[in-house]
Amino acid sequence: MIQLADFQLQTIGKLIESMEDDKREVILKSPTGSGKTIILTHFIDEYGKGQFDNVFVWLTPGKGDLEEQSKEKMDRYIHNSQTKLLPDVMAEGFKENDACFINWEKLTKKGNNALKESEKTNFQEHITQAHNNGLSFIIIVDESHQNDTVKADDIIQLFKPKKIIRTSATPKKLVNATLIEVDEVDVIAEGLIKKMLIINEDFGRSITVDNQVGYLLDKALEKQAELKKVYKEHDSITNPLIIIQLPNNSDVLQNEVELYLASKDVTYENGLLAVWLNNKKQNLEEIENLDAKPIAVIIKQAVATGWDCPRAQILVKLRENTSETFEIQTIGRIRRMPEAKHYENDLLDSCYLYTFDEKFTEGVKLHLRKGALDAVKLFLKQKHRNVTLISEQKSSLSISKDAIQALKSLLGFYQMEYGVTTKTGENKTRLEAKGYIFSEEIVKKIYTGEVRTLTSDEFKNLQSVQLVEPLNTHKHGREYHNRISALGLSLNLQYEQMNTIIRRLFDKNVRYDQKILRLQTREVYAFVINNFYKLKEDIQSAMSSMDIQETLSLNGIIETPFHLPKEYLFTYDGENRVQREYDRNVYSGYLSSAEVRSDSEKSFEKYCEEAESIEWLYKNGDKGSEYFSIVYQDNFGKQKSFYPDYVLSKDGEIWIIETKGGFSRTGESEDIDKFSPKKFEVLKRYLNKHNLKGGFVRKDKSNNELFICMDEYNDDIKGSSWILLSEVLS
């Protein structure tokens, strides 16, 4: 069984929730490499378990047999799935919980003989028969930016779908649609895509070239050789691939590229060069394999959609005048991680673009924002090479206690929030007083009344009416499953784990010493269905509440010596008018235009550069074993790594500093990290253990000054915990 990432589980949960809202269309915006097919196939499986009379139709664009690839993936991921291709539908029609993968061009494209006119009529009859059998269609439009045509829309409307899910890394905007967006940061954190896109590395401020094509290809070949060497040092067989993208109608340029590569002994004949064009395909067999022989492939438009080659890492862009949508799809080809993990090495965890196309560069930077920056390699100054700290790392052997810890956290929350005890009768009264519904029947709330204007005040005057439905264990058993699954997905727990938690806390037939309620099984069904939103709200509060977190178990933490990295891939904003070099930084050439940096980080770096007592400053990375980390624990009992932002030396003493979101002009906290108090406590523990100094630094926008907290963390900038930084690091 495939192990889903946390963000994938959460996205599946959001998709299931979207099936119940009043919007017909759902937009799933998911970056290339985020496992979109995995998310959607598991959504189909989970939703199908809890609902009756649905058929899923997955429409793919025409290139590359994507419908067969998607069907094959679902067969692999989901045991006993009911998948079909178009010929299967023509032979058998549609049945409940079918997942039908159809290339929409086979239904719409002129001259395409996949379906003759009589067969098209047949296809429509199968749809009509499905409707007559009480089945409803949920349509998934894959790569929706390519399916945005009248003919494609005509096909969709044939199904009279109750829901349409449009999915793409670059979807078209729809006004009246539910947007579900997978955050790129989450995908990067899981190691599925590369941390950074590096544009024109080491080009400098001004370059003179005799041959643009040769210059770009040389850069790419040098980078390919460098990457391959480092992959080998990491015991990886990955042979990084260069994608060379040509403009359309560019036979002369294609010939120039082939001749130049031949001068470097990269040819079709020796297997190092591949080509994927409409009129020429060579050396493409198994090119996706990590250790495939070709080191470069020449492409035009064919590779923009649906081609997964995770070893592709370098793009040489010789193409012009294409749409932004197509550009970003192309960039997506080099962003996947070869083995779906980061190597904790900036060189390997980045991808590389070489181009003289300014318009393309601007489009990429606009889309990826801080994910696409200018970069240069910096080296650690000789005098700082002996700096040593003890870094804490999670043990790969540590066993997660997700479900057990979630159960304890949820119980602790109910005790704190509602005052529950082991007296289950009293607990029922307490919960009922706070809005929980207790009934053996299914109770739903509807509204009645009149509104004259569409204002919130008018709607507040509507009367609520309870719609009561007798419990049917067959029908509502599936709804119970659906609700439990949705609750679990919001916590990154599997259905079985979530069901066990609910049963232990509320079901009298399942043993647990600290029960909140003692309900019969039928009553548990009704309790979960009737109180789904209340339960969800309380469970999420329990997971995020800092008051009920338990003390970190130090078992399984690995302590290793940490030295400042000798090399540093420095990313910066090359268009910033101010490019001041910070002499106190441990790296030669570190600039004031460093990115990605928060406002607090920029202010802190500037402060340290100007403070005479500070001898040197090191900016830590935010993930990876090559950076300095301290281990803490979340409410699940999971160990997590905390990477403090800065290490510095003041008067010969080492300080460790974490910067956080500041305080607004009126004193409100702008720190969005709910684990800040927990991280502060583990930083204090670390500092005390190793006899070091440090704290949290935040900016007060009412006076534009930096303040430091060293003793007791709170969100009150006016409190005595926060001291003016200049009084401490003078």
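**Aromatic pairs and the faces of a helix**

In this predicted model, Phe562, Tyr568, Phe570, Tyr572, Tyr587, Tyr590, Tyr618, Phe628 and Tyr686 are joined into a cluster by ring pairs. Across the whole structure, a search returns 39 aromatic pairs. A pair of aromatic rings is described by the distance of the centres and the angle of the planes, and two of the pairs are set out here in those terms.

One of them is formed by Tyr414 and Tyr418, whose ring centres are 5.4 Å apart; the planes meet at 35°, so this pair is tilted. Helix α13, which spans residues 402–418, holds both tyrosines. Tyr414 and Tyr418 are four residues apart there, which is about one turn of the helix. Tyr414 has a relative accessible area of 1% and is buried. Tyr418 is likewise counted as buried, at 9% relative accessibility.

A further pair comes from within the cluster, of which Phe562 and Phe628 are both members. These two rings lie 5.9 Å from centre to centre with 45° between their planes, and the pair is again classed as tilted. Phe562 belongs to strand β19 (residues 558–563), whereas Phe628 sits in the loop between β21 (614–619) and β22 (630–633); the pair therefore ties together parts that are 66 residues apart in sequence. Both partners are shielded in the sense of the burial cut-off of under 20% relative accessible area: Phe562 is buried at 4% relative accessibility, and Phe628 is buried at 0%.

Arg483 is placed over the face of Phe532, 4.4 Å from the ring centre. In a second case, Lys619 lies over the face of Tyr646, at 5.4 Å from the ring centre.

Attention now turns to helix α14, where burial can be followed around the axis. In α14, which covers residues 424–433, the buried residues are Thr424, Asn427 and Leu431. Viewed down the axis of α14, these buried residues fall within an arc of 45°, so they line one face of the helix. The other side of α14 carries Gly425, Thr429 and Ala433, which are exposed. After α14 comes Gly435, a residue with a positive phi near 110°.

Definitions and conventions:
Residues numbered from 1 in each chain as written. Predicted model: local features only at pLDDT ≥ 70, side-chain atom pairs only at ≥ 80, totals over all residues. Heavy atoms only, no water. Buried < 20%, exposed > 50% of the residue type's maximum accessible area, 1.4 Å probe, protein only. Helix = DSSP H or I, 4+ residues; strand = E, 2+ residues; numbered from the N terminus. Arc of directions from axis to C-beta. Phe/Tyr/Trp six-rings, centres within 6.5 Å; stacked < 30°, edge-to-face > 60°. Lys NZ or Arg CZ within 6 Å of the ring centre and 35° of its normal.
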